[in-house]
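Open the model and turn to its ligand.

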Amino acid sequence: MALLSKSTLSKRGLGKLKHKANELLSRTLDQQVTLAVTGLSRSGKTAFITSLVNQLINEGNGAKLSFFDPVHNGNFIAAKRVPQKHYHVPRFDYDAAISALTSDPATWPEPTHGISELRLAIRYQPKNSILKYATDMATLTLDITDYPGEWLLDLPMLKQTYQEWSQQTHGLMTSKPRDEYSKSFLAKVAQLDPFAPASEELLAELAQEYTALLQTFRHELGLSVIQPGRFILPGDLAGAPILEFFPFANADNIDANAYQNATDDSVIGMLRSRYSQYQEQVVRKFYREHFLRFDRQIVLADCLKPLNKGKASFADLELAMSMILESYQYGKSGIFSRLFSPKIDKLLFGATKADHVTPEQHGAMVSLLNQLVHQNKNQLNYDAVAVKTLAIAAVKATNSGVSKHQGNEVPVIQGRSLAQSELSGTASVFGEKITVFPGAVPSELPRDNYWQSNSFNFIEFAPLSGLNKHQCLPHVRMDQVLQFLLADKMM
Ligand SMILES: Nc1nc2c(ncn2[C@@H]2O[C@H](COP(=O)(O)OP(=O)(O)OP(=O)(O)O)[C@@H](O)[C@H]2O)c(=O)[nH]1
Ligand SMILES: [Mg+2]
């Protein structure tokens, strides 16, 4: 072995020491953030997470992340997927989603039905924090969870008895627009003797009918208040008796004493007992096992579809948003503070599919969602939580421009048709290029006269063709999303 000079030795030694110190420090100073993404079904969660992951792992490849400081300032190094933290939670299927978006012809990812997770390791060079004196490179571990917003709609059930919940749900089912669809189901329930011995088959049958009604409310009527949320998105509980209950039709007419004394094998007793198991084993369990570990939350809302569907659908979205917000209302007065103590410090509301409208409408989208979110502002206590609202498109599927119409310049968007649809009287076919002015988004919660005098034509577009999975997906404001959610963890 060649002899090494004293100075080489000490240089090497020092280098090793510095490396060891760096390793140790970065191990202790590395940060971790759990980001939860929610929203009602079809609001755009899968597209959002796919785009967020795609923007980070492909950074530097056709990236447009100008408002994300770590990239803008050059201290972002790279991001890669690493094995997720919880092996018992399904994996978020990034590969399937990105393959769909980059296939030919490009398609949207398949709907998902439950919770899933994905982990990213983001390498960056600390620039501002004390970390920069200690290490050249730090890692931010980002855990992303996708879960259905419908599950949050169940939170208010925790403070209701079975009787109270039945009364409230019955009230909804006997008012417009649900009443017409609910008549036959409610008539069957009204036939039940609450104190007769329960038939499991009959309860299962009626629960199925109730579930089918919830599906109709959601998918045909475009309604958002769907309770219990697990009925339409059961995950691994599909077919379990815990999902086999329904609201009782005349719960307020039942004799209080007889109700108290009803045994679990009577009709009302069995429904009540399943309801309370649902509260414990499903609702409370979700909050305990998942919700409490989220650091930052994104709530996505598609306000355009309910605008398209009309007044009842929009009013229902308003109600659903206020129910969802109960989960973040953990000030002194919220039911939350009495049940759990969550630690979310940043809350982002995303008005999704902003590429469905022309860019000058984005301000109105933000202010509309803000009004939906903040109408209960007095009751909400966001003291410890930073809140922001953005109009976004996770995967931009249109281009915007101007078109001449009767001598005037009109802002328009152009994209590829997703389905056979009627546009101003002309039918379009799949993949065909279409150019439209989809209509103006109201910047305030629409009043009655608004629905009479305005019409919307927010149509669905197919993803742009020719996208490449190794390049960043086209987007609207995903960099601002990253800035709000992650930049402070990468200083
Ligand atoms: N134009 C446009 N359409 C979008 C965008 N994001 C989502 N969409 C549309 O919305 C649909 C639903 O998006 P997903 O991301 O699957 O929504 P989700 O919330 O995961 O839906 P579920 O899995 O059913 O709960 C897609 O199939 C697209 O048609 C977007 O950024 N731009
Ligand atoms: Mg999904």
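What volume does the largest pocket have? The answer is about 680 Å³. This is a predicted model, in which local features need pLDDT of at least 70 and side-chain atom pairs count only at pLDDT 80 or more, while totals for chains, interfaces and linings use all residues. Residues are numbered from 1 along each chain as its sequence is written, chains are lettered from A and ligands numbered from 1 in the order in which they are written, and side-chain values use heavy atoms, without hydrogens and water.

Pockets and cavities are found on a 1 Å grid over the protein atoms alone: a cavity is a set of points where a 1.4 Å probe fits but cannot get out, a pocket is an open set with protein on both sides within 12 Å along at least five of seven lines, and lining residues have an atom within 4 Å of a point. A volume is the space filled by probe spheres set on the points, which are joined across faces, edges and corners.

The largest pocket is lined by 30 residues. R42, S43, G44, W108 and K353 lie nearest its centre. Helix α2 (45-57) supplies the largest share of this lining, 4 residues. Helix α8 (200-220) supplies at least two. Helices are DSSP runs of H or I, at least four residues long, numbered from the N terminus.

Ligand 1 sits in the largest pocket, meaning that more than half of its atoms lie within 2 Å of the pocket's grid points. Around ligand 1 are 18 residues, each with a heavy atom within 4 Å of it. The closest are K45, T46, A47, T112 and D355.

Now look at the ligand's oxygen atoms. The side chain of R42 places an N or O atom 2.9 Å from one oxygen of ligand 1. S43 has a backbone N or O atom 3.2 Å from a ligand oxygen. For A394, the backbone distance to a ligand oxygen is 3.0 Å. Taken alone, ligand 1 exposes 650 Å², and the protein buries 95% of that. Such areas come from the Shrake-Rupley method with a 1.4 Å probe.

The whole structure holds 2 cavities of 30 Å³ or more. The largest cavity contains about 80 Å³ of space. Helix α6 (162-173) gives the most to its lining, 4 residues. Y210, L214 and F217 are among the other residues that line the largest cavity.

The second largest cavity has about 50 Å³ of space. Its lining includes K45, T112 and D146. K45 and T112 are also among the residues closest to ligand 1.

How values were computed:
A polar contact is a pair of N or O atoms within 3.5 Å; within protein, one must be able to donate a hydrogen and the other to accept it, and residues adjacent in sequence count only if both atoms are side-chain atoms.
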